[in-house]
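Here's a quick tour for anyone meeting this structure for the first time. Have a look at it, then read on.

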Amino acid sequence: MIKTAITQLLGIEYPVFQGGMAWIADGKLAAAVSEGGGLGIIAAGNAPADYVRSQIQIARTLTKKPIGVNIMLLSPFVDEVAKVVVEEKVEVVTTGAGNPSKHIKAWLEAGIKVIPVVASVAMAKLMTRLGASAVIAEGGESGGHVGELTTMVLVPQICDATHLPVIAAGGIADGRGVAAAFMLGAQGVQMGTRFLSANECTIHPVYKEKILKANDLCTMVTGKKLGHPVRSLRTQFARDYAKAEFGGMPDEELEKLGVGALRLAVQEGDNDKGCFLAGQIAAVVNREQPAAEIVKEVMEEAEPILLRAPQWVK
Ligand code: TUI
């Protein structure tokens, strides 16, 4: 079984994180992943602190293993949520969509392992200086809020920039992707889209079906004009949004168009107004299975590839 600096650091069996997907990654999904030997991560997203606290408590009733909380730094509730993770003594905090510098000291003093998403080399160096335990290098193949660089070019550069273990994310959904990430220097992986197919993932059936049926060209990026590019399935909503964006719709109206769209996708499966976040790898996600099975399967697929060169390499 593959052991890395990440399994050792967190005391987990498999170096596999479940991404902190807003509105989706709740206590139930996170507990199933942690129970399966990976790291389950509850998404704080834009939710109030009380919601995050209740999801942590739900996860604690379902597993005794370490869990994480992802803090989305653009959230209006970020300061309250930053306190809740300390009060509830979660083992790991991951951050996304910004710079977590001002919170890091308090989290470290509480004994929390801090693992930020870094979208650049400069950010990786800063997080290393501030005492992060590891960093997540997330390429633009991922779903949701995306950076400029792809996983293929980001991961090696982040590995060169820090002595910390690096977790690769973006475009990884099976053992081949895990093996490739490890070849680039990663010591762990984070997957989001693959876990949308987990039995314990309670997104609307319409959302799940769209992921299972997706093909290679089924995602697109919108939102660049407002400075927050987001990758989602190429639905009617995404196309309409892109048209509005390029058609010169004022920023305030564009902003309004996006509000609540993710909730409408996750809870209502609303094809016309919902924003179905998904990574480019949605095309290879084609069956439902328990979260624990996903964790084990991707690592069992990766192991023979990593221990012996592919048979087509002579
Ligand atoms: O954060 C994500 N994925 C997300 S967040 C989200 S919700 C959202 N709400 C409103 C606007 C936009 C998104 C949906 N999906 N992934 C991690 C990630 N973090 N990707 C990129 C970054 C990132 C970007 C800039 C991390 C650090 C950063 O630093 C900027 C700085 O201040 O230097």
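## Around the ligand

A polar side-chain atom of Glu138 sits 3.0 Å from a nitrogen atom of the ligand. This is a predicted model, where local features need pLDDT of at least 70, side-chain atom pairs count only at pLDDT 80 or more, and totals for chains, interfaces and linings use all residues. Residues are numbered from 1 along each chain as its sequence is written, and side-chain values use heavy atoms, with hydrogens and water left out.

| Residue | Polar atom from | Distance |
|---|---|---|
| Ala97 | backbone | 2.9 Å |
| Glu138 | side chain | 3.0 Å |
| His145 | backbone | 2.9 Å |

On its own, the ligand has 720 Å² of accessible area (Shrake-Rupley method, 1.4 Å probe), and the protein covers 70% of that. Around the ligand are 13 residues, and Ala97, Gly98, Val117, Glu138 and His145 come nearest; being near takes a heavy atom within 4 Å. The shell splits into 6 nonpolar, 6 polar and 1 charged.

Now for the nonpolar cores: sets of buried nonpolar residues (under 20% relative accessible area) joined through side-chain atoms within 4.5 Å. The largest has 80 residues, and Val16, Val69, Ile71, Phe195 and Tyr207 touch the most other members. Helix H13 (residues 291–307; a DSSP run of H or I, at least four residues) gives this core its largest share, 6 residues. Beyond four places in sequence, Phe195 has contacts (heavy atoms within 4.5 Å) that include Val16, Met21, Leu29 and Ile294. Apart from this core lies another, of 13 residues, Val117 among them.

Conventions
Polar contact = N/O pair within 3.5 Å; in protein donor to acceptor, adjacent residues only side chain to side chain. Nonpolar A, V, L, I, M, F, W, Y, C, P; charged D, E, K, R; others polar. Buried < 20%, exposed > 50% of the residue type's maximum accessible area, 1.4 Å probe, protein only. Helix = DSSP H or I, 4+ residues; strand = E, 2+ residues; numbered from the N terminus.
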